[in-house]
Amino acid sequence: MYLPPHFAEDRLDILHSLIQQHPLACLVTLETDGLTANHIPCLISPPTADAPFGTLLGHVAKANPVWRNTQEVLAVFQGASAYITPSWYEEKQQTGAVVPTYNYAVVHAHGSLQQIDSKPEFLSLLNQLTNHFESARQLPWQISDAPGDYIDNMMEMIVGIRMPIARLTGKWKTSQNKSVQTRSDIAAGLRVGTATEQAMAGIIESQLFE
């Protein structure tokens with residue numbers, strides 16, 4: 001990923017936060033027929049001695065050959081993004097020498113996939129995933145709500161995977177190369193837009209006086 005220094009984000013808590021808020025990974029792998037992308041919801045676990053950047057956890061269909069991949073893979077997490085009109089730039093009024101751009105926040109995680117062989121560990125992961133995504137519901141569904149033999153059969157059809165992260169890169173292209181006034185104006189313009197645009201406004205506002 002092309003990464004000018006002023007767009008780099010390397011704070012681990014910020015990178016993990018984006019993954020937690022946007023957990024659908026685009027997992028890019030090199031297979032026998034070329035590059036392949038799979039879309040997999042993932043959890044991120046805290047750093048350990050063996051995985052100083054944390055570990056991604058998820059599952060795929062057993063029929064999907066990706067879990068057998070032994071090469072380095074790339075998981076891409078896309079956060080807030082928004083088109084930025086030059087109408088919000090203070091330079092537009094001063095010189096007119098402005099062009100549009102597109103702001104975004106992304107995290108790239110590199111590592112190698114490992115299969116989760118232990119059934120108790122795999123079931124624990126499935127419970128973690130379920131609890132995570134059901135937590136906002138008034139009456140959260142739990143795996144134990146389904147018949148045990150049904151869950152056993154379903155588990156035979158999927159594979160648990162983990163990916164200790166060997167390299168973690170963040171790019172926050174959020175108009176850091178513009179003046180504080182222009183960034184404030186951009187944030188104000190985004191505030192009246194969609195939920196995604198408002199999320200980008202929040203990122204810009206949080207960086208204004210860093």
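User: Is C42 buried or exposed?

Analyst: This is a predicted model, in which local features need pLDDT of at least 70, side-chain atom pairs count only at pLDDT 80 or more, and totals for chains, interfaces and linings use all residues. Residues are numbered from 1 along each chain as its sequence is written, and side-chain values use heavy atoms, with hydrogens and water left out. Buried means under 20% relative accessible area, exposed over 50% and partly exposed in between, with a 1.4 Å probe and protein chains only. Because its relative accessibility is 9%, C42 counts as buried.

User: How many disulfides does a search of the whole structure find?

Analyst: A disulfide is taken as a pair of cysteine sulfur atoms within 2.5 Å. The sulfur of C42 has its closest cysteine sulfur in C26, 11 Å away, which is too far for a bond. The search of the whole structure gives a disulfide count of zero.

User: Which backbone oxygen does the side chain of K173 reach?

Analyst: K173 lies in strand β9, residues 158-173, where a strand is a DSSP run of E with at least two residues, numbered from the N terminus. At 15% relative accessibility K173 counts as buried, and its contacts (heavy atoms within 4.5 Å) include T101, Y102 and N103, not counting residues up to four places away in sequence. At 2.8 Å, the side chain of K173 reaches the backbone oxygen of Y102.

Methods:
Helix = DSSP H or I, 4+ residues; strand = E, 2+ residues; numbered from the N terminus. Polar contact = N/O pair within 3.5 Å; in protein donor to acceptor, adjacent residues only side chain to side chain.
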